[in-house]
Amino acid sequence: MSRGYLVVYEHRTEGYSGYAPDLPGCISSGTTLEEMRQSMRDTVGAHLIALSERKEIAPQPTTTIVHFPHPSEGHGIDHWVVEAIGVPVNHPNQVQRERNARA
C-alpha cells in the first residue's frame, strides 16, 4: 500500500530543511533540492517503518493547504517548495510476517 504525504521544503542560504505536516517530528535537511527530496523520502519511509514496528497506525495524510509567513517577518527563508511524495505503508502485521520470512 502507498500513501501520498505533503512535504514542505524551506530554502535558506545554507541549504534546505523539510518537514511533513501530517507526520509530527518527521524533519530532514539537504544541501540541494534533489538531496533534500531524497533525504525526505528516506526520512518519511523510516518514520513509517518505525511506527509499524511499534504497531502504531500511520496517520492518514490530511494536509492540503500550507500557510507561509510573510517575508517581512524576517525568518530568513528565500522560498518554499511543496510537493506530495508517495511512500509505501506497511500494515503492522506485514512487518512481523516479513521478519518471520527472513528467519
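In this predicted model, helix α1 lies across strands β1 (2-12), β2, β3 and β4, and runs at about 40° to β4. The report describes the sheet, then a residue of the helix, and then the salt bridges.

**The sheet**

The four strands form an open sheet in the order β3-β2-β1-β4, with antiparallel pairing. Strands β3 (27-30) and β4 (79-88) stand at the edges; each has a single partner strand, so one side of each is left without a neighbour in the sheet. Neighbouring strands of this sheet are turned by 25° against each other on average, direction ignored. In general, the strands of a sheet pair through backbone hydrogen bonds, in either a parallel or an antiparallel manner.

Strand β2 (residues 15-19) is joined to β3 by four bridges, and these two strands run antiparallel. Within this pair, Ser17 is placed opposite Ser29 of β3.

**A serine in the helix**

Ser39 belongs to helix α1, which spans residues 33-53. Is Ser39 buried or exposed? Its relative accessible area is 19%, and because the limit for a buried residue is under 20%, Ser39 counts as buried. Leaving aside residues up to four places away in sequence, Ser39 touches Ser28 and Ser29. Ser29 is also the residue that stands opposite Ser17.

**Salt bridges**

How many salt bridges does a search of the whole structure find? The search finds four.

| Residue with N | Residue with O | Distance, N to O |
|---|---|---|
| Arg37 | Glu34 | 2.9 Å |
| Arg37 | Glu83 | 3.1 Å |
| Arg54 | Glu56 | 2.9 Å |

Glu34 and Arg37 are three residues apart in helix α1, which means that about one helical turn separates them. Glu34 is exposed, with a relative accessible area of 51%, whereas Arg37 counts as buried at 18% relative accessibility.

The side chain of Arg37 also meets that of Glu83 in a salt bridge. This pair links distant parts of the chain: Arg37 lies in helix α1 and Glu83 in strand β4, 46 residues apart. Both Arg37 and Glu83 are buried. Salt bridges that share partners join Glu34, Arg37 and Glu83 into one network.

Glu56, whose side chain meets that of Arg54 in a salt bridge, is partly exposed, with a relative accessible area of 36%.

Methods: Residues are numbered from 1 along each chain as its sequence is written. This is a predicted model: local features need pLDDT of at least 70, side-chain atom pairs count only at pLDDT 80 or more; totals for chains, interfaces and linings use all residues. Side-chain values use heavy atoms; hydrogens and water are left out. Buried means under 20% relative accessible area, exposed over 50%, partly exposed in between (1.4 Å probe, protein chains only). Contact means heavy atoms within 4.5 Å. Two strands pair if DSSP finds at least two bridges between them. Axes are lines fitted to C-alpha atoms, for helices over the stretch in contact, and angles run from 0 to 180 degrees between N-to-C directions.
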